[in-house]
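Dear colleague,

Please find below the structure that I am handing over to you, together with its sequence. My notes on what was found in it follow directly after.

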Amino acid sequence: MKHKHNILVMSAALAIAPFALSAQTDAQAEPQTEDSVYMVKTAFRSVAQGDLLGGVSFVNVEEMLEKNYTTYSLDHMESLVNGWNGKSLWGMDEDNGQGYLVLIDGIPRDANNVQPSEIAQITFLKGANAVVLYGSRAAKGAILITTKRGQAREGLKIDMNVNVGLDVIKALPEYLGAVDYMKWYNQAQKNDWYDEEYGEDYTDEDLMYEPDEIEKTASGVNPYRYVDIDYFSSDYIKKVKSRKEAVLELSGGNKRARLYGNINAYSQNDFVKVADAKKTRINRLSVRGNVDIDFNDYISGHIDANATFYDSKHRQYSSNPGDNMTYWRMAATGRPNYPNHAAPLIPLDKVAEDAKGRELVENTSNIFDGKFLGGTNANQSNVFSQIYAGGELKWTSRQFQFDGGLNFNLGKLVEGLSLKTNFGMDFKASYNTRFDPKYAVFEPEWGEDDEMIHKITQIGTDEVTGSKKLWGTKETRTMALSFQFDYVRSFGDHNVSAIVLGNGFQQTKDGEYHNTTNANLGFDLSYNFAHRFYMQLSAAEVHSSKLAEGHRNALSPSLTLGWNLARESFLDGSIFDDLLISASVSQLNEDIDINKYYLYNGSWDKNTWGFGWADGKSTTTITPTRGENAKLEMIKRKEFSASVKASLLDRFVTTEFTFFKNRWEGYLVNTTEDWPSHMQKFIPYLNNDVNSRYGFDFAANFNKEVNEDLGVSFGVVGTYYDTKVVKREQSTLDRVNQSQLDREGKPIDAIWGYKSIGIFQSIEEIEDSPEQKIGNTVRPGDLKYADLSNNGVGDTLINANDMVYLGKDGRFGSPFTLGVNLTVKYKNFTFYALGSAKAGAYGKKNNSYYQPKGDDKYSVLVKDTWTAENPNAKYPALTTSNGANNYAESDFWLYKDNAFKLTKIQITYDLPQEMLGDSFVKGVSAFVSGKDLLTISKERKVMETSIASDPQTRFFQVGVKATF
């Protein structure tokens with residue numbers, strides 16, 4: 001019923017459009033006219049672009065799409081927006097907390113549930129001064145996505161866009177075939193088999209794979225017995241998949257009503273082409289209607305509704321759906337000779353006529369192209385048996401979004417006064433359904449000639465229930481409400497704007513007892529004198545239900561001052577059109593890094609003690625687990641930022657530079673370090689830990705109209721940030737009294753590990769070196785680490801005390817991000833290019849592709865692992881153990897994550913208007929584009945090769961747009 005209700009609301013919104021009037025609300029973009037200045041959506045108001053103070057960046061998406069058609073709302077925005085690195089704003093994100101807030105038309109929503117064709121503008125609020133009015137939840141920045149609105153015009157404007165794209169795989173991981181795998185597995189066993197004197201203690205008969213098996217596999221004498229599977233071969237994978245999209249946009253209205261409508265549908269398939277897996281598909285359909293209404297000169301409003309339908313279906317790659325297995329995860333673990341002596345599919349004609357159990361395979365319902373499902377008792381399923389007989393899994397998602405509001409012009413009471421309201425109600429549900437058939441596999445017993453099967457053993461049974469199973473149900477409900485009194489007036493050169501507001505939202509999610517809430521009151525007073533001097537004073541009274549009464553409310557103030565020097569007489573006639581400098585100081589209070597409720601309360605737990613009053617009886621006791629601290633407070637973001645914005649030479653050059661420094665105080669800790677042992681269970685949570693960040697972002701754009709046919713625009717944006725642990729409770733320092741383990745003064749995203757100094761080449765070298773107590777017994781071919789404890793003096797023992805700071809892992813985005821964009825317009829052709837660069841972080845080669853252990857699948861990299869015959873190998877010796885010594889965190893497995901990427905090229909052609917004449921077709925354009933085309937990096941192959949996940953792709957697209 002909830003679904004039907006939302007559809008009816010949306011239909012009603014579309015239906016009343018012709019009979020109502022339009023008005024701008026806080027959740028909407030300002031209407032643009034040729035004579036108006038461009039307005040930028042900020043917190044609870046819109047500001048003229050020239051009056052924007054620091055900490056705010058924006059993208060005119062509607063204009064951008066004319067030359068850069070994208071398929072995701074935030075696609076490659078790091079190439080266009082200073083302060084955004086693709087993961088965070090100014091690097092503000094914490095390991096255990098929440099990141100930036102996304103608001104779509106003023107309501108907290110997912111950025112991936114709005115298509116670029118629906119968007120008018122995206123604003124990135126980075127500075128504390130820019131987000132203070134949104135309260136706690138926006139403490140790490142906010143991204144405001146504003147959808148399009150209808151415009152008053154004669155007749156109805158219709159835009160139709162159809163495009164088709166191809167994803168082409170960049171790189172696939174390379175693994176050993178069965179022969180090489182068996183040889184190298186035997187080598188790994190040899191590496192492990194040394195006695196206490198490090199003498200060899202094995203024979204060939206002790207090895208996993210005998211020479212005869214390896215030889216017969218290599219000869220291909222019987223690939224159904226001596227299996228050699230390449231999961232990434234063209235037999236199973238195609239290197240291209242397609243995406244098709246169609247968009248219909250409607251816009252129109254008059255003085256009394258305006259409507260914007262958008263219908264978007266796309267479909268894409270997958271790379272796996274085995275059996276029914278090639279039917280894998282993702283389908284999405286969305287319908288949006290935005291209606292603006294003016295009831296009279298004093299009351300106006302808006303009604304917006306959106307419905308999104310996702311459906312995807314694919315084969316059930318694992319016999320346990322809860323594993324969330326994909327083909328790529330299975331392919332990254334399935335060994336080439338697995339399962340032993342039983343290919344996934346075996347021809348019926350390989351079963352001898354007189355074979356015992358032949359009737360079993362003849363009667364199975366799962367015969368595919370004359371082949372039956374092979375398996376063993378130990379391995380009853382594999383990715384291919386699942387594809388052929390494991391059934392289909394379907395994921396379904398439905399999202400319904402509604403928002404509306406009323407605006408009241410109170411100018412009759414007080415000139416310049418108005419009241420605005422905005423209400424939102426969203427519902428999102430997703431679930432999985434599956435048919436869960438059971439199927440039999442058959443274990444063959446081959447004759448001595450290796451040609452025919454002489455015995456068949458059936459494992460499991462064929463059973464189709466015909467009933468669907470439902471699992472993985474998730475629901476999220478969002479309710480949001482805001483109201484604000486606005487006062488906007490000009491007194492000659494004195495321009496005043498004031499806001500008093502209340503703002504809040506609540507999200508309810510399945511499986512979470514507490515709702516996610518955000519509530520605050522807000523005040524903003526903005527003033528400028530002749531657009532020369534600026535002042536903005538903002539404050540929010542923030543509420544948190546995670547803290548004890550008396551500490552649930554806190555005031556977040558912010559003050560910003562600005563000065564446009566270009567308006568001063570001493571710069572008259574200079575090269576500057578505008579030169580606006582501003583600075584702000586702010587303190588935000590937030591609870592999004594407090595991950596649980598009631599941490600201020602003490603807690604007790606039931607325990608069973610081993611001694612009782614009676615012999616042989618245990619005693620049940622209640623024991624404390626933490627103490628009480630009702631004085632816990634919110635975490636504070638204290639920030640100073642300064643910005644310079646300039647326009648030069650009649651806007652030939654526009655630039656912006658912002659410096660920021662913030663300090664986050666009062667992260668919660670619960671540690672035993674400073675307490676005696678008999679009191680440690682009474683220790684409360686405390687506000688203690690402190691982090692800081694500093695950095696800068698910049699942007700520069702160059703625009704030149706060379707002549708009436710040729711125009712060129714070039715832009716560059718960049719972001720740099722650094723983090724520091726200012727204060728940590730001592731228990732998190734491992735208490736080893738070693739300076740290199742002190743987290744204080746190091747980056748928040750620091751990587752800690754050992755310094756590798758080579759590979760042990762002999763027993764003698766091991767015995768002459770400090771003892772390594774990291775895990776396994778150290779053998780020739782293992783990594784050798786530096787002894788750095790005792791401040792580098794050395795203590796002849798290498799353990800956790802010798803771990804040091806190695807670099808940044810870039811978990812909040814690369815420390816330095818650079819983006820460039822180029823537009824060249826010649827007559828009716830437009831060339832557009834995007835590029836991005838990143839630097840300053842390290843990646844880790846820490847998956848099984850680089851660090852195989854046990855019976856893991858081997859990549860081709862193992863061919864350059866240490867052996868006695870290859871002492872100068874790139875990688876340490878293989879092992880069948882857990883590899884604790886070699887795979888410990890160390891600089892050996894790090895690589896610099898520096899790269900430049902050519903992220904987009906698009907060529908657009910607009911059909912000349914004279915060719916269209918007076919026809920009903922008002923415009924036609926076509927484009928061809930390529931995305932993620934090139935990566936320039938020393939580690940390009942590592943970066944472009946995905947392990948156990950969908951492969952990275954280059955995306956090529958062609959599209960046509962027509963306007964009626």
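**Aromatic pairs**

In this predicted model, the count of aromatic pairs comes to 40. One of them joins Tyr175 and Tyr849 in an edge-to-face arrangement, with 5.3 Å from centre to centre and 90° between the planes. This pair links distant parts of the chain, as its two residues are 674 residues apart. Tyr175 belongs to the loop between β8 (153–169) and α4 (178–192), whereas Tyr849 lies in the loop between β41 (842–844) and β42 (894–896).

Are these two tyrosines, Tyr175 and Tyr849, buried or exposed? Tyr175 has a relative accessibility of 15% and therefore counts as buried, the cut-off being under 20%. Tyr849 is buried as well, with a relative accessible area of 6%.

Both residues also belong to one aromatic cluster, whose members are Tyr175, Phe232, Phe271, Tyr327, Trp328, Tyr849 and Tyr850.

**Arginines over rings**

Two contacts between an arginine and an aromatic face may interest you. Arg243 is placed over the face of Tyr266, at 4.1 Å from the ring centre. Likewise, Arg743 lies over the face of Trp752, and here the distance from the ring centre is 4.2 Å.

**Two open sheets**

An open sheet of 5 strands runs in the order β3-β6-β7-β4-β5, and its pairing is mixed. Its edges are formed by β3 (56–59) and β5 (107–108); each has a single partner strand, so one side of each is left without a neighbour in the sheet. Within this order, β4 (residues 101–104) and β7 (residues 142–147) pair in the parallel sense, over 4 bridges. At the residue level, Leu101 has Ala142 in β7 as its bridge partner.

An open sheet of 3 strands is also present, with the order β13-β16-β15 and antiparallel pairing. Here the edge strands are β13 (345–347) and β15 (367–368), each of which pairs on one side only. Which residue of β16 stands opposite Ile346? That residue is Phe372. The strands concerned, β13 and β16 (residues 371–373), run antiparallel and are joined by 3 bridges.

With kind regards

Note on methods
Residues are numbered from 1 along each chain as its sequence is written. This is a predicted model: local features need pLDDT of at least 70, side-chain atom pairs count only at pLDDT 80 or more; totals for chains, interfaces and linings use all residues. Side-chain values use heavy atoms; hydrogens and water are left out. Two strands pair if DSSP finds at least two bridges between them. Rings of Phe, Tyr and Trp (its six-membered ring) pair if their centres lie within 6.5 Å; planes under 30 degrees apart count as stacked, over 60 as edge-to-face and the rest as tilted. Buried means under 20% relative accessible area, exposed over 50%, partly exposed in between (1.4 Å probe, protein chains only). A charge sits over a ring if NZ of Lys or CZ of Arg is within 6 Å of the ring centre and within 35 degrees of the ring normal.
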